[in-house]
Amino acid sequence: MPADSNYFDYDAALHACSLGDQHALQRIYMQDSKRLLGVALRIVRQRHLAEDVVHDAFVSIWNKAASFDATRGEGRGWIYSVVRHQALNTVRDRDREVYADEDAFDNMQQQNEELIVDQFELSASLGQLQDCLSHLDSAKRNSILCAYVDGCSHIEIAQRLNAPLGSVKAWVKRGLATLRKCMG
Amino acid sequence: MNESFDELQHLAGEYVLGTLPAAQRRQVAQRMQNEPVLRTAVEEWERRLQPLTSLVKEQEPSAQLWPRIVKDLRRQSTDAQSSWSAWWNDLRFWRGLAASGFAAAAVLVAVMVTRPTTPAPNFMVVLVEPQKGTPGWIVQASANRQLTLTPLLPVSVPGQKSLQFWTKGEGWDKPVSLGLVEPGKTVKLALDKLPPLQVNQLFEITLEPEHGSPTGRPTGPILFIGKAAKMT
């Protein structure tokens, strides 16, 4: 499946969507729905919410396909960012209402901590990002991974890394600045 | 708001990372619409961090997910079609028109049609921009169903898009295409395939893909719209 993504023409599929071709949207779905659901699930952490996110994101991709501009970035990246931001909106809106129950949070914390580290160490497929992340100290790297992959807020990063909130904010900020310099 | 470039980059980075609280997220999304520098910064962060999505394990979606998506696409597209009838039925819109540019355009048409060389049309329509009410085109139709569409304003059409001209009489189930029109050009058409013109028959010009609507119905935004009035 991932190998196919080299051959799948996302830009053309999005263009076809903008012309009302539902099969084009279905091709995108068949190509990427599994990974997109994975991305959403890591962020919203509940299966039914993750499916809602993918549902809303696909309706939104369909409606916004005409505004996709291939000169500003790749179609695949655009699709992933629609799904991620849909998921992030869901969790950030929820942050304000209720806070996750603490036991569930602790459990998740342990599981995810292992996952992040394992996956990062095992993965050599991130190209330049891999190099640049490996130059960060682990506190900054973990803060950034926790936020991007698991949708952690600053507070959640602080809980997960058992660190003061102020330090976490500084790590994220400096981590981002270093990454930007490293990647250009 | 006196943000340095670095502060803007930092804001864009935290937006893409997802760490901003809800209110700030919305603010950034809003600002991106009008601030190209912020938008570019966000797009660059999306591009830098996107490889991280490959760390995530794939999940099999439930069998109901795709049908659910399709169902809601349909609903959305019916909504888009009914926007035609929404304009038709919106009394405030038509009243507003009467009070604005519509009157001026009507005078202009009256002047045009009183020229002795032009046969008096039976119907005329002023097509206006729906938001501003500015008259953009005039439609004149004669008894023998010859229709002339005359531009009043220059219109710029984005690349790979075209203007498509439509009409719909009361009781028709969908609008009928009268073809693509070129900005700034007068078009003459024979309406002999259509039922006789009616009072209040709707005419509109929508923005469509380069070769016209792929569905046979308007799919793009309405640029100009108007109802036929009988000339006495």
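Biologist: What share of the contacts in chain B with a separation of 6 or more comes from residues 24 or more positions apart?
Modeller: This is a predicted model, and local features need pLDDT of at least 70. Chain B holds six helices and nine strands. Among its contacts with a separation of 6 or more, those between residues 24 or more positions apart make up 61%.

Biologist: How much of chain B is buried?
Modeller: Chain B has 232 residues. A residue needs 20 or more other C-beta atoms within 10 Å to be called buried. The buried part of chain B comes to 30%.

Biologist: Which element gives the most to the largest nonpolar core?
Modeller: This core has 57 residues, and Ala40(A), Val54(A) and Val83(A) have the most contacts inside it. Two or more residues come from each of α1 (10-18), α2 (22-44), α3 (47-64), α4 (75-97), α7 (138-150) and α9 (165-183) of chain A, and from each of α1 (5-17) and α3 (36-49) of chain B. With ten residues, the element that gives the most is α2(A).

Biologist: How many residues are in the second, separate core?
Modeller: Nonpolar side chains tend to be buried together in soluble globular proteins. The second core includes Phe123(B), Met124(B), Trp137(B) and Phe224(B). Its residue count is 25.

Biologist: Which residues does Val83(A) touch, leaving aside residues up to four places away in sequence?
Modeller: Val83(A) is among the residues with the most contacts inside the largest core. Leaving out residues up to four places away in sequence, Val83(A) touches Leu36(A), Val39(A), Ala40(A), Val53(A), Val54(A) and Ala57(A).

Biologist: What is the distance between the end C-alpha atoms of α3(A)?
Modeller: The buried residues of α3(A) include Val53(A), Val54(A), His55(A) and Trp62(A). This helix has 18 residues, so at 1.5 Å a residue it should span 26 Å. The model agrees with that, its end C-alpha atoms being apart by 25 Å.

Biologist: Is Arg45(A) buried, exposed or partly exposed?
Modeller: Arg45(A) lies in the loop between α2 and α3 of chain A. Its phi is positive, about 70 degrees, although Arg45(A) is not a glycine. Most residues other than glycine have a negative phi. Because Arg45(A) has 18 C-beta neighbours inside 10 Å, it counts as partly exposed.

Biologist: And Asn162(A), is it buried or exposed?
Modeller: Asn162(A) is in the loop between α8 (154-161) and α9 of chain A. Asn162(A) also has a positive phi, near 55 degrees, in a residue other than glycine. Since 7 other C-beta atoms lie within 10 Å, Asn162(A) is exposed.

Biologist: Which element gives the most to the side of chain B that touches chain A?
Modeller: The contact takes 49 residues from chain A and 40 residues from chain B. On the side of chain B, two or more residues come from each of α1, α2 (22-34), α3 and α4 (65-89). That side has 16 nonpolar, 13 polar and eleven charged residues. With eight residues, the element that gives the most is α4(B).

Biologist: How are α9(A) and α1(B) oriented to each other?
Modeller: Val172(A), Lys173(A), Leu176(A) and Arg180(A) of α9(A) meet Gln9(B), His10(B), Gly13(B), Glu14(B) and Leu17(B) of α1(B). These residues divide into three nonpolar, three polar and three charged. The axes are 10 Å apart, at an angle of about 105 degrees. The two helices are therefore roughly perpendicular.

Biologist: Which elements are included in what covers the buried residues of α1(B)?
Modeller: α1(B) has 13 residues and reaches 18 Å from its first C-alpha to its last, close to the 18 Å expected. Its buried residues include Leu11(B), Ala12(B), Tyr15(B) and Val16(B). The helix is followed by Gly18(B), with a positive phi near 105 degrees. The cover of the buried residues includes α2 and α3 of chain B along with α7 and α9 of chain A.

Biologist: How far apart in space are Trp45(B) and Leu17(B), C-alpha to C-alpha?
Modeller: Trp45(B) sits in helix α3 of chain B, and it is buried, because 24 other C-beta atoms lie within 10 Å. Not counting residues up to four places away in sequence, Trp45(B) touches Ala12(B), Gly13(B) and Val16(B). Trp45(B) and Leu17(B) are 28 residues apart in sequence, and their C-alpha to C-alpha distance is 8.4 Å.

Definitions and conventions: Residues are numbered from 1 along each chain as its sequence is written. Chains are lettered from A and ligands numbered from 1 in the order in which they are written. This is a predicted model: local features need pLDDT of at least 70, side-chain atom pairs count only at pLDDT 80 or more; totals for chains, interfaces and linings use all residues. A nonpolar core is a set of buried Ala, Val, Leu, Ile, Met, Phe, Trp, Tyr and Cys residues joined through C-beta atoms within 7 Å. A residue is buried if 20 or more other C-beta atoms lie within 10 Å of its own, exposed if 12 or fewer, and partly exposed in between; C-beta atoms are placed from the backbone. Helices (H or I, at least four residues) and strands (E, at least two) are DSSP runs, numbered from the N terminus. Two residues are in contact if their C-beta atoms, placed from the backbone, lie within 7 Å. The expected span of a helix is 1.5 Å times one less than its number of residues. Ala, Val, Leu, Ile, Met, Phe, Trp, Tyr, Cys and Pro count as nonpolar, Asp, Glu, Lys and Arg as charged, and the others, Gly among them, as polar. Axes are lines fitted to C-alpha atoms, for helices over the stretch in contact, and angles run from 0 to 180 degrees between N-to-C directions. Angles under 35 degrees count as roughly parallel, over 145 as roughly antiparallel, 65 to 115 as roughly perpendicular and the rest as oblique.
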